[in-house]
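Colleague: Please take a close look at the salt bridges in this model and walk me through them. I would like to know which residues pair up and how accessible each partner is.

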Amino acid sequence: MAASWSLLVTLRPLAQSPLRGRCVGCGAWAAALAPLATAPGKPFWKDLYKNGLQRANFVPFIAVLKEYCNTVQLDSGIDYRKRELPAAGKLYYLTSEADVEAVMDKLFDELAQKQNDLTRPRILKVQGRELRLNKACGTVADCTFEELCERPLGASDYLELSKNFDTIFLRNIPQFTLANRTQGRRFITLIDNFYDLKVRIICSASTPISSLFLHQHHDSELEQSRILMDDLGLSQDSAEGLSMFTGEEEIFAFQRTISRLTEMQTEQYWNEGDRTKK
């Protein structure tokens, strides 16, 4: 009897593997392999690799997956990041609160006093570029949303931040709509990097965490979409299913971001991010 292996199949962009659908479909089960794959979101066959590059080449393989694979839903219905856990004090402030800037300044000064450094601007080197921060002390940085998400920064910049600082103040986070989705995507990437490396954050924002993302279209954004559709030569019907026009990808990603931000307020997360104990 042929040997059997368990494999983790990763769906990379078809540009990197243009023959993937045909190769995997023809060979996997013929060789008695047992592919194991995971996918985020709800069960999904019709939406698998939705809006992906050259998806038409992949669609025939979906039928093969449905025929040979069992679908197991792993979602328990519980967001464990939102469990009721002890809070690490107040780490999330509303910009409408009285004296919020003074309160955050005081918190920064208290943390800075524990550092063997002076409060000063810092410059980080990222792939030959300079990432300038206006205010930092040791492993504590004091930044604004404009500083980190209004500038053209990306994952590599946020990763470098996460490596150099274990505590970051992030001030003046706005409410996100599809009109400022570019800044929203940067914010999602920022929080993903902070969360993965257990960076502790102290925030001020215009709305509570649960209301950070408002899914509604503004006239200015609809006009931008129409201009982009014209530039791409797309009709209204052909553009309706594309996530870049519906905001579907941002909605899914923001649900994860809100969940992570909630966990980042807990005492357990704060203690895990204390690098002085490591």
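Modeller: Arginine 132 counts as partly exposed, because its relative accessibility of 48% falls between the 20% and 50% limits. This is a predicted model, and a search of the whole structure finds 13 salt bridges. Arginine 132 takes part in one of them with glutamate 130, where the closest N and O atoms are 2.9 Å apart. Glutamate 130 is partly exposed as well, with a relative accessible area of 42%.

Another salt bridge joins the side chains of aspartate 142 and arginine 171, at 2.7 Å from N to O. Aspartate 142 is in strand β6 (residues 140-144) and arginine 171 in strand β7 (residues 167-173), so this pair ties together parts that are 29 residues apart in sequence. Both aspartate 142 and arginine 171 are buried. The two also belong to a network of salt bridges that links them with Glu101, Asp105 and Lys135.

A further salt bridge is formed by the side chains of arginine 129 and aspartate 157, at 3.1 Å from N to O. This one links distant parts of the chain, with arginine 129 in strand β5 (residues 129-137) and aspartate 157 in helix α5, 28 residues apart. Helix α5 covers residues 155-164. Arginine 129 is partly exposed, with a relative accessible area of 34%, whereas aspartate 157 is buried, at 3%. Neighbours within four places in sequence left aside, aspartate 157 is in contact with Val126 and Leu131 as well as Arg129.

Notes:
Residues are numbered from 1 along each chain as its sequence is written. This is a predicted model: local features need pLDDT of at least 70, side-chain atom pairs count only at pLDDT 80 or more; totals for chains, interfaces and linings use all residues. Side-chain values use heavy atoms; hydrogens and water are left out. Helices (H or I, at least four residues) and strands (E, at least two) are DSSP runs, numbered from the N terminus. Buried means under 20% relative accessible area, exposed over 50%, partly exposed in between (1.4 Å probe, protein chains only). Contact means heavy atoms within 4.5 Å. A salt bridge is a side-chain nitrogen of Lys or Arg within 4 Å of a carboxyl oxygen of Asp or Glu.
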